[in-house]
Amino acid sequence: MIMSRTPDARSRDTQNKQIQENITHVEKHFGELCQIFAAYVRKTARLRDKADLLVREIGHYADVETPNLKNGLKHFADQLATLQDYRQAQVERLDAKVVEPLKAYGAIVKLKREDLKLTQSARNREAKQIQQLERTRQRNPSDRQIISQVGLHI
């Protein structure tokens with residue numbers, strides 16, 4: 001007799017498949033988000049670096065100009081430097097509040113995938129033991145001692 005899967009087993013299989021799909025989606029999309037945000041942070045940091053070069057060059061230029069132009073250029077360079085301080089804070093905040101938490105999901109997803117595999121293998125072992133018990137019951141329906149011994153190993 002071929003044993004059909006119980007509604008409970010089918011429900012667990014469906015649930016297991018759904019969890020697997022969810023893990024795969026999170027792994028894919030959070031990985032993409034993490035890469036894109038990290039690239040955004042790197043580009044913002046490069047923009048900050050370029051602006052710092054610009055501030056430095058404006059300062060060098062101001063050093064060789066007339067006093068009025070020098071004051072105006074120095075003031076402009078100071079304002080631009082202040083903007084870059086805000087950009088630096090933005091880079092640090094994005095890295096700490098967005099990129100790092102997204103990176104953490106990689107480890108979480110890996111653990112969840114391992115948990116799912118362990119759960120599935122435990123369910124498979126249980127199903128095999130139940131099948132063995134059913135086969136023993138079919139072969140020896142009146143021998144309660146053998147059936148109970150097989151049942152104890154489950």
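I started at phenylalanine 37, which sits in helix α1 (residues 7-63). Helices here are DSSP runs of H or I with at least four residues, strands are runs of E with at least two, and both are numbered from the N terminus. I kept in mind that this is a predicted model, where local features need pLDDT of at least 70, side-chain atom pairs count only at pLDDT 80 or more, and totals for chains, interfaces and linings use all residues. Residues are numbered from 1 along each chain as its sequence is written, and side-chain values use heavy atoms, with hydrogens and water left out.

Phenylalanine 37 counts as partly exposed because its relative accessibility is 31%; buried means under 20% relative accessible area, exposed over 50%, and partly exposed in between (1.4 Å probe, protein chains only).

Then I turned to arginine 113, in helix α2 (residues 67-139). Arginine 113 has 18% relative accessibility, so I noted it as buried. Leaving aside residues up to four places away in sequence, arginine 113 touches Gln20, Ile23, Thr24 and Glu27, a contact being heavy atoms within 4.5 Å.

On to the cores. The largest nonpolar core has eight residues, among them Cys34, Val41, Val91 and Leu102. Such a core is a set of buried Ala, Val, Leu, Ile, Met, Phe, Trp, Tyr and Cys residues joined through side-chain atoms within 4.5 Å. I found that α1 and α2 are the elements giving two or more residues to this core. A second, separate core of six residues includes Val55 and Leu73.

Last, the whole chain: I noted three helices and zero strands, with buried residues making up 19% of the 154 residues.
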